[in-house]
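Let's take a walk through this protein together, with the structure open beside the text. Have your viewer ready, and follow along one region after another.

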Amino acid sequence: MRQRPEHLARLYKHYGQSRLTEARKLVESLSQQRPNGWHKTRVLDVGCGDGAFALAFAECGADVVAFDREPERVKSTRALTAQTTAKVLLADAMALPFPAESFDVVLMNDLLEHVDGPGALLAGVGRILQPGGFAFIATTNRGSIVTALNDPHYNLPGISLLPRATACWYVTRLMRVSPTYNVGTYFFHGQLQKLISAASLTPQEVTTGYANKFRSASFSAAPGRRWLALALRHGTIRGAAVAFAGTWLFRHFIQPGWEFLAFKPVANTGTI
């Protein structure tokens with residue numbers, strides 16, 4: 001795998017350092033869906049990246065399986081989770097190597113926009129979820145002004161507004177910030193809901209996610225978002241951000257990403 005240009009490498013290093021804090025906040029926020037706690041909950045981290053989310057859930061007693069298709073990320077996750085019971089595999093999200101109804105919770109954090117077949121991936125997730133289980137989905141908001149001004153993946157403006165082929169040329173040939181372009185789809189709200197529903201899952205938007213991030217000043221320092229993380233250190237700005245985060249305008253046109261829970265319905269047995 002070719003190395004990122006120096007400025008992107010620095011941004012992603014800073015981003016990685018913030019991920020564990022973000023992951024632990026996610027465990028806390030999802031705990032309301034697990035009233036009996038995380039002990040022995042079967043959690044699958046799809047596209048585990050640096051391993052922060054796998055570690056955070058393993059720390060709480062969940063039975064975690066994490067995987068990525070890139071060997072270096074698998075190596076990093078194994079090192080980070082070495083003192084836990086988490087299992088880390090080399091695998092591809094588009095060919096989930098697990099039996100049906102294997103997991104209670106599936107994590108897809110900043111993943112869906114990177115796959116060529118998001119609908120097929122969601123269908124696969126629906127297959128491996130236990131009835132009553134859910135997937136957590138975090139992905140980029142195509143309608144966001146923030147994303148349009150500064151893309152979180154390549155630290156460039158305008159990428160989310162372009163067709164994929166043009167965006168690839170813009171990133172790799174015109175601006176030359178990366179030798180490859182690995183973003184497939186940026187999602188509008190309705191588009192994401194339809195994809196989840198088409199996989200026979202029930203979508204539920206997490207509308208409090210950004211308000212909680214602003215309130216705790218723990219907004220992820222993703223590439224292209226460092227200015228926001230710095231601004232939230234100021235109490236006045238943070239208070240205004242928390243209030244604004246609850247509005248429809250913010251959710252659809254400002255917040256950089258969507259957070260959804262996708263529930264697998266419990267089958268109706270038809271008994272009387």
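Turn to helix H6 and look at the side where Ala-165 and Arg-173 are exposed. This is a predicted model, so the positions you see are computed ones. Helix H6 spans residues 164-174, and its buried residues are Ala-167, Tyr-170, Val-171 and Thr-172. Why do these residues lie on the same side of H6? They do so because they cover an arc of only 165 degrees around the axis. Ala-165 and Arg-173 are on the other side of the helix.

Keep following the chain out of H6. Just after this helix, Arg-176 takes a positive phi of about 55 degrees, and Arg-176 is a residue other than glycine. Arg-176 sits in the loop between H6 and helix H7, which covers 189-198. Is Arg-176 buried or exposed? With a relative accessible area of 66%, Arg-176 is exposed; the cut-off for that label is over 50%.

Look for Ser-200 in the loop between H7 and strand S6, residues 202-205. Ser-200 has 55% relative accessibility, so it counts as exposed.

Now for a loop residue in another setting. Thr-81 is found in the loop between helix H3 (71-80) and strand S3 (87-90). At 2% relative accessibility, Thr-81 counts as buried, since buried means under 20%. Which residues does Thr-81 touch, if we leave out those up to four places away in sequence? They are Gly-51, Ala-54, Leu-55, Ala-86 and Val-88.

Two or more lining residues come from each of helix H1 (6-30), S6, helix H8 (209-216) and strand S7 (257-263). Which element gives the most to this lining? That is H1, with six residues. By class, the lining of the second largest pocket has six nonpolar, ten polar and seven charged residues.

How many cavities of 30 Å³ or more does a search of the whole structure find? The search finds one. The largest cavity holds about 40 Å³ of space. Its lining is made up of Arg-19, Asp-45, Gly-47, Cys-48, Gly-49, Phe-53 and Asn-109. Sorted by class, two of the lining residues are nonpolar, three are polar and two are charged.

Finally, step back and view the protein as a whole. The protein has eleven helices and seven strands. Of its 272 residues, 50% are buried. Take the contacts between residues at least 6 apart in sequence: 68% of them join residues at least 24 apart.

Technical notes:
Residues numbered from 1 in each chain as written. Predicted model: local features only at pLDDT ≥ 70, side-chain atom pairs only at ≥ 80, totals over all residues. Heavy atoms only, no water. 1 Å grid on protein atoms, 1.4 Å probe; cavity = no way out; pocket = protein on both sides within 12 Å on 5 of 7 lines; lining within 4 Å. Points joined across faces, edges and corners; volume = space filled by probe spheres on them. Nonpolar A, V, L, I, M, F, W, Y, C, P; charged D, E, K, R; others polar. Buried < 20%, exposed > 50% of the residue type's maximum accessible area, 1.4 Å probe, protein only. Helix = DSSP H or I, 4+ residues; strand = E, 2+ residues; numbered from the N terminus. Arc of directions from axis to C-beta. Contact = heavy atoms within 4.5 Å.
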